[in-house]
Amino acid sequence: MVSCELCGLASAHPIRDDAGRAFCCPACREVSALLARDNVIASEAKQSPRNLGIASQTPLAMTQTISLGGLWCASCAWFIAETLRRAPGAQAADVSFVQREARIAFDPTRTSPREFVKRVKRIGYQAWLPGEKPDDEEESLFTRLMVCLVFVMHDMIVSATIYAREWFGWATPEDAWITNIFYAMMLLGALPVLFLLGVPILRAGIAGLAQAKPNMHTLIALGTFAAFGLSVYNFAHGSNRVYFDTASMLLFLVALGRWFEIRAQKTGGRAVEQLAQKIPHTATRVTPDGEEQISPDELKPGARVRVRPGERFPVDGLVALGEGDVDESLLTGEPTPVAHRAGDKIFAGTIALDGAFEIITTATGAATVAGQIGKLLHQAMWQRAPVERLADRIAAIAVPLAVAIAVGTFIFWNAIAGYEIALQNALAVLLIACPCALGIATPLALWVAVGRAAEQGVLLRNTGALERLASTQKIFFDKTGTLTQKPFRLQAVASNGLAKEKFLARVAAVEQFSEHPLAQPIVDAARASGVERLRGDAISDEPAKASSPNEFRVIPGQGVRGVVDGATIWIGNARLMREQNFALANEFANIANEWQAQGLNIVYAGWDGRVAGLLALGENIRADVVPTLARLRDLGLDVAVLTGDDTRAGERWQKMLGVPVYASQNPEDKLTRLRAASNVAMVGDGINDGPALAAATIGIALSDGTDVARAAADVILLGNNLRAVPFLIELSREAMRRVKQNLAWAFVYNIIGIALAVAGVLQPVVAALAMVLSSALVTGNALKLRRAAMPNRASSERV
């Protein structure tokens, strides 16, 4: 019995790698190779001049994110951001009203994150560092609202009684004492409302005023407390001009509007929270001594984990033992279970439906696919779209503009009707001019759309991608690996002078380092034919003198090159062979023509000045390609396909797909076409697509594509479902339509409302109610995006 080098389990028949290390299963061997490769990359990164501090001697800025509380509108976010930017040691600061978070870049030699928290608290808001549990604003505010509702209803009923006595002529001088008792009851009912709802507003308002930066807290606090103070003064002097009911109702309505916004924002971020909540808190680790229950965060790559039917996978990994269906809808949005067996990748958060598994851990916690998706979704909210920045600029000037209009209104009405009427009208202006609806109209709609896309298995790197998608007019698709379905199959081999197994071994020795979709089928076929080690001249147990990563090179748009047994091997398309001046025998030319007529992909391999052999690989068009392209044309987009295949193959694909197909396209050709068009999207998956994805207005990559493609893309299709592309176009158009509707409503609402308030037509209570209804309207309009759904995926059968 030999112990596994990775998980420690004993095995009577170990599997060994090229270095002779023993493993209990292929999954352990593969994970070990992955970890070794990652260690080499990390070591090289540490030795780079940048990381050694040679390139720059200046201290690097640190970035800190803190949670915020007490924000009422976009002007609060602007106020906090300005305060943080002016803090000693701060280099940059940004505040998200929707996320209720601040992100600060600062010099750690001059300040610390705790100082920023203290600075936020000094201006009347709450702040928490990571690891500290923030208060649940929604629950706290809801509790206070329910308590205050009793007192507000009390004041309104008493007020209605007083008004009814006057309207019906029941009030007489002899029973004025009864009215005074009612006024006293209203005063007592208003006090808890002022304490529970008004004091938090007053505290933030006074802090802003002390900093000579009045915010909406300042305006609302001044208006409501002035109305309350005036009422107390008039009541004490025997006047019946009291506004206790108005002050309490104003605070209640303003707080109610804020509660609606907080609840809507939590709903919009549900997709991010869902990912974290679905990761199990415990994992079953398998050791030589048996099972043990531990936290997934304590697991290290290489640990063996057991998952039983019905349980969620706690980590990413490779299947070592077991077979069954897995529900991956958390990540891909696809309800159809996916069959998994030994050697397949498994992701944290997915569910083992009908089989037990043992997996070898490759990633835990934030390093899992689910953790990275959550991180990217969170980061996407910070990448503001141009329309969001426009809304921010408008909200930043809303407060001083509202103050100026309110002051002018007070001066005007004070001159013609007295200070009480002037105060009421000025207060109405402040309430109606509050930029709450404007501040939430844009970011919430975009946030909900990003979250909805994530639920459907589509990851957007930033909210600006939605704006660019909505304006897309033309879309290009890469063919190989994007419109065609993996895996490809090696269907025929023709060689001259070498046996099939030896020819395959030599080609696979180079292709093993390639990420091209046609490379892996060649490597798999070589191993399936009995090649234990990828090498050239012979198949034996001797160490192979095969190609190494240092000798391997990609020739974009043409193929690859490597060194095997001292000979330089060139593998790729016919163009690569021509550029190397390799002689093509008539026999091979005829075979290539015959295979091309059958629709097969031809891979040429040559060395020593001649083409040494051909390989034919079959590819299958994805089942959802035709309906996807048809739907995109129905949406009014120009659709075309870019491929490196020759002209004959391009014509065949054009006839099959019914859209223009541009053949013999290398990366430079793709770039030229993309740069010649405007508002263009590119969908791809390979290394050759990286420059095109980056150059396009919007780049869309498949999740099983190469790292280069995913890094260059703005959008990643986690489920590789091409139907997500037209879904994204429709979702982005709908999101931008709702953003424009919300902005238009906020603009019209403020213009008309301010005009009515200045004219003295709008009372403060009505203005507060209008503010709540306006916020509720734009919130409800944005949340309708949650209903957007992707069409059911077509049958997964290959066509």
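Mentor: Two terms to start: strands (E, at least two residues) and helices (H or I, at least four) are DSSP runs numbered from the N terminus, and two strands pair if DSSP finds at least two bridges between them. This is a predicted model, where local features need pLDDT of at least 70, side-chain atom pairs count only at pLDDT 80 or more, and totals for chains, interfaces and linings use all residues. Residues are numbered from 1 along each chain as its sequence is written, and side-chain values use heavy atoms, with hydrogens and water left out.

Trainee: Which residue in S17 stands opposite Leu-321?

Mentor: Strand S12 covers residues 316-321 and S17 covers residues 357-363. They run antiparallel, joined by five bridges. Across from Leu-321 you'll find Glu-358.

Trainee: Which strands are at the edges of the open sheet of seven strands?

Mentor: The order is S18-S30-S29-S28-S19-S26-S27, with mixed pairing. An edge strand here has a single partner, so one side is left without a neighbour in the sheet.

Trainee: Which residue in S30 stands opposite Val-458?

Mentor: S18 pairs with S30 (residues 715-717) in the antiparallel sense, over three bridges. Opposite Val-458 stands Leu-717.

Trainee: Is Leu-756 buried, partly exposed or exposed?

Mentor: Leu-756 lies in helix H25 (residues 724-758). Buried means under 20% relative accessible area and exposed over 50%, with partly exposed in between (1.4 Å probe, protein chains only). At 36% relative accessibility, Leu-756 is therefore partly exposed.
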